[in-house]
Amino acid sequence: MKNILVTGGAGFIGSNFINHILEERDDYFIINLDKLTYAGNLENLKPSEKNKNYTFVNGDICNSELVNYLFEKHKIKYVINFAAESHVDRSILGSEIFYRTNVVGTSVLLDTARKFEVEKFLQVSTDEVYGSLGKEGLFTENNSLSPNSPYSSSKAAADLAALSFHHTYGLPVVVTRCSNNYGPFQFPEKLIPLMIINSLNDKKLPVYGDGMNVRDWIYVIDHNIAINTVFEKGRVGEVYNIGASNEMPNIEIIKLVLKHLEKPEDLIQFVKDRPGHDRRYAIDSSKIQSELGWKPEFSFEEAINKTIDWYVRNKDWWSKIISGEYLKYYEKQYKM
Ligand code: NAD
Ligand code: TYD
């Protein structure tokens, strides 16, 4: 049995990871440590909550005493660190919690992992650490890091801290840098669920700038299969880019959502651009493909349609979210 501390497992990618991997594997015991911030939601974990190989702990990765206690109690030998403040716009409104959770929290996990001599520490990072691309080219693992937002700079700091623990102490660290994810259970502050839910509610769709910023989209299950591949087979001290070679300008995705839901394009509203808005991300994932044999399984067309339909069917899930704190955030961000 592999005792794995999964942090941030009540969020979008972490909950999809836990639900998926517990279906696939009976040799993983998962301890999910999550602070249940606005983005954490135990409803995402309904398929796993009764699994004998799963346990949940409500707590903060910055809490060194708690983290030490959990390593001791569960004889943790593996860590997959998803926990983070993850939204660029929120990091622009206020950055302190981003540096606290993403940088200090990761350093607490690294220190504890070193003390307990873990066998693998996977740091979930992002392609945003590379900065922004021009019209041509792709991010490879050899690109220099040039993060532009408080969010991406905090992720770059955490990613470098993890690699430094490998270099300095020999901690068996691997880092994954993935492009933009979409799928079920994504918090509706991010582009795709926000546009789906606003369309369903006949609300305006706020498009930043000219709508021509490009992101490279991957289905969350493909990301999670890649994470597990790197977790099992990745060489320590290495970085692996993850992406599905699916670049699209934002406006195209928004039009596709409207078309699928049979809503009019006049819901689109161009709004003030995001400060420091990165123009284009695009990932070269040839390293993980050639070295570890991973490749994306889902086509964009299939997975985006599946995703839109999931939000249509799961109004109960999102209608609880888009009140209270969310409305306050929405008003502040979009000044409506
Ligand atoms: P999310 O915001 O949906 O979930 C984050 C989770 O972390 C939440 O459950 C939250 O409660 C928890 N958390 C936050 N602070 C915590 C703390 N101090 N202690 C314990 N738990 C805490 O984020 P996501 O989209 O699922 O992203 C997961 C990871 O993947 C992040 O590290 C993010 O940087 C990375 N990533 C995301 C994307 C993407 O497209 N969403 C792409 C590449 C990488
Ligand atoms: P987002 O989902 O926030 O991911 P990231 O900024 O981490 O890539 O945004 C994806 C793209 O969509 C990005 O170019 C910003 C744009 N965007 C909008 O145009 N309007 C919105 O309301 C949001 C949330 C994002």
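Let me start with the surroundings of Glu-85: setting aside neighbours within four places in sequence, this residue is in contact with Thr-37, Tyr-38, Ile-97, Phe-98, Thr-101, Asn-102 and Tyr-151. Bear in mind that this is a predicted model. Glu-85 itself sits in the loop that runs between β4 (78-81) and α3 (88-93).

Is Glu-85 buried or exposed, and which side chain of opposite charge is nearest? Glu-85 is buried, and the nearest such side chain is Lys-35, 5.4 Å away. Glu-85 has no salt bridge; the cut-off for one is 4 Å.

Now to the aromatic residues. The structure holds 22 aromatic pairs. Phe-98 belongs to helix α4 (residues 96-115) and Tyr-151 to helix α5 (residues 150-169), so their pairing ties together parts 53 residues apart in sequence. Both Phe-98 and Tyr-151 are buried.

A further edge-to-face pair is that of Trp-310 and Tyr-311, at 4.9 Å centre to centre and 80° between the planes. Trp-310 and Tyr-311 are buried too.

Last, charges over rings. Arg-114 has its charged end over the ring of Tyr-169, 3.6 Å from the ring centre. For Arg-215, the charged end sits over the ring of Tyr-281, at 3.9 Å from the centre.

Note on methods:
Residues numbered from 1 in each chain as written. Chains lettered and ligands numbered in written order. Predicted model: local features only at pLDDT ≥ 70, side-chain atom pairs only at ≥ 80, totals over all residues. Heavy atoms only, no water. Helix = DSSP H or I, 4+ residues; strand = E, 2+ residues; numbered from the N terminus. Buried < 20%, exposed > 50% of the residue type's maximum accessible area, 1.4 Å probe, protein only. Lys, Arg positive; Asp, Glu negative; His and termini not counted. Contact = heavy atoms within 4.5 Å. Phe/Tyr/Trp six-rings, centres within 6.5 Å; stacked < 30°, edge-to-face > 60°. Lys NZ or Arg CZ within 6 Å of the ring centre and 35° of its normal.
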